[in-house]
Amino acid sequence: MESYEQRVRNIVNHLTPPKEILMNDCSSTEEEILNINNTSSTTSTLTWNKQELYEYLEAAPDHIKVAKKKLQEIVKDPIFAPKYNMNVQEWRELTLQRAMVIIKAGVISLAEFNRDPMKYLISMEMLNLVDPSLSVKLGVHFSLFGNAVLNLGTEKHHIKYIEDIDTWKLPGCFGMTELGHGSNVQGVETTATYDKTTQEFIINTPSDSAQKFWIGNAACHGQACSVFAQLYIDNVHHGVHVFIVPIRNADGSIAENVRIMDNGHKLGLQGVDNGRIWFDNKRIPRDNLLNKFGDVEKDGTYVSSIPSKSKRFGSMVAPLVGGRVLIAASALNISKMALMIATRYAYSRRQFGSKGNEIRIIEYLTHQRRLFPMIATSVALSFAVEKLKKIYCEPNKTSQDVKDLHVWSSGLKAVVSWTKTNILQLTRECCGGQGFSSFNQIALFKSDLEIDMTYEGDNHVLLQQVARNLFVELQKGRYTLTSPSHGSSLIYDYQFQIQTLKWRESNLVSSLSSKIMSQLDQGHSLEQSWNHCLDAITLLGKSFVDRITLEEFQSGINNAPSSLKQVLELCRNLFFCWKVNEDLGYFLCNDGLDTSVAQRIQNSVNVLCSEMLPIGLDLVNSFNIPEQFIHAPISKPDYIQEFRYGLKRDY
């Protein structure tokens, strides 16, 4: 009978083209295919202290670590144990019960959010690892509704509402999105008309397109909603403002002149009761206007220190940027957890090879190219996301900090959530049928967190905000253009890498600016000109994020203990080469790289994957994800025993 090795040789001979048409060194040789198990890695002895890397990536001060340990103890309560086989009503009830445990423990509160935002962020990130529905439900209540009261309201609102928000006596909703308007918040149709005779605002839904839509906590539990509405006084329009509007009574019945419907079954997050809200000339007291940036006096006089409607709106939404920060940080943690599960499985699972000596699936190049670049990317993004969190939590922000916070949160929310979605798909596939099982966690994360790309700002729209800022910087003479790094072949040198990414970004800024100006000169409107360039504008936003990620990564390497530098540099090189390889067409079509250098970068991905092979498992086991949150059976060293007959998982 024909041997396994001979069959493979016959297949290779059949598929390999004649030698005269093989080009460069791109094609694998017959020997390379047959000797997949043999790597000539230069990193086979590369070692580091996994706990040291864990703590370096965690980057948390001691009091944060104490808070994390407290929360880890709380979620050991059996109510937080994995449970999947439920209908929507059961999901919602379990999520509410879990939320009550967290609130009663006092680990999540507006007071904490105001006093120590970093502690609040990290606590919410951890809850997302436990149950995304739980973190979203609490996030709607505290990060959105509560944050609106805290940062858009004044002392009278803080006195009236904050204690009740912290104890869940006043469950809240966030009424920004409408059926007809999501990303364009300034276009919402809900109206708030001031009646000076009664000193009340009349909140009204003028059409079905103005119904508040996808409002978390609205379908079942919310009693008050922070409603975004167009303010009118004596038929004069004053722009979008935010009002606290009761939607349910204390007994849970729907408030007068309010209509609510359930959004129903969704792709994921079944534990969150999303609903739709209509207001039928609902009257609320004048004091229910959150008046930090604009107020209405008893006689109907409008008062604001910011005369421009658009600038006033910008000031209103700026404090709410924390949602984007939290999405980016949580998405990164989910990415790491999925990679830990899939990589552990890949180093244990064997398939094909000689009898009794089957090959671990991680040794196949196709597996390495799916997992290792994403591991490197997750390490790289750790440093950029950490910098974003520090900017957000800075109590005394400069004007530059405020600008950076808006741009960085917009860009990183988009790129990290897209990266997470890609990682969840790749890891699902890398785990084969096991990735389809809810028990192994990845599948549920896929459905629950699909929303990340479109809530708190559609990713494509957010990247336009990043690009717009770069154009403003260029217009004001504050943007430095960069030349391509021709003549250099040191692809693992940081200076070469950062110049390469800076060139792509600056080339896009320069060429797009010229293209838009040309469109304007031809008589097109700014909106038309912008729309004609949206594909490249989106690429510019991504390019900005890639560049700042590499810069922060290198800063992290510079500050790292010497024992960690080598493994971090390996990750940086793979991150850079993978990013350039993904966009190689742009670099070559626009003369950003010499062809020979581009070829080396392309070929280096496989080389770096082979160098990652001996250490990949240790690397993911160094990720700063608490082990207690990983319960996937395939993540265990002897995963076969996790499926022995008689072992039930009553999830």
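**Cavities and rings**

Modeller: The largest cavity has a volume of about 220 Å³. This is a predicted model, in which local features need pLDDT of at least 70 and side-chain atom pairs pLDDT 80 or more, while totals for chains, interfaces and linings use all residues. Residues are numbered from 1 along each chain as its sequence is written, and side-chain values use heavy atoms, without hydrogens and water.

Biologist: What makes a space a cavity, and how is a volume defined?

Modeller: On a 1 Å grid over the protein atoms alone, a cavity is a set of points where a 1.4 Å probe fits but cannot get out; lining residues have an atom within 4 Å of a point. Points are joined across faces, edges and corners, and the volume is the space filled by probe spheres set on them. The search of the whole structure finds 3 cavities of 30 Å³ or more.

Biologist: Which residues are the closest to the centre of the largest cavity?

Modeller: Of its 19 lining residues, those are Glu58, Glu125, Asn333, Lys389 and Asn624. By class, the lining has 10 nonpolar, 3 polar and 6 charged residues. Here Ala, Val, Leu, Ile, Met, Phe, Trp, Tyr, Cys and Pro count as nonpolar, Asp, Glu, Lys and Arg as charged, and the others, Gly among them, as polar.

Biologist: Why is the pair of Phe383 and Phe553 called stacked?

Modeller: Rings of Phe, Tyr and Trp (its six-membered ring) pair if their centres lie within 6.5 Å; planes under 30 degrees apart count as stacked, over 60 as edge-to-face and the rest as tilted. Phe383 and Phe553 are 5.3 Å apart centre to centre, with 15 degrees between the planes, and form a stacked pair. Phe383 lies in helix α12 and Phe553 in helix α18 (residues 534-559), so the pair ties together parts 170 residues apart in sequence. Helices are DSSP runs (H or I, at least four residues), numbered from the N terminus.

Biologist: How do you know whether Phe383 is buried or exposed?

Modeller: Buried means under 20% relative accessible area, exposed over 50%, partly exposed in between (1.4 Å probe, protein chains only). Phe383 has 12%, so Phe383 is buried. Phe553, at 0%, also counts as buried.

Biologist: What makes the pair of Trp503 and Tyr586 tilted?

Modeller: Their ring centres are 5.9 Å apart and their planes stand at 50 degrees, so the pair is tilted. Trp503 is buried at 4%, and Tyr586 is buried at 13%.

Technical notes. 1 Å grid on protein atoms, 1.4 Å probe; cavity = no way out; pocket = protein on both sides within 12 Å on 5 of 7 lines; lining within 4 Å. Helix = DSSP H or I, 4+ residues; strand = E, 2+ residues; numbered from the N terminus.
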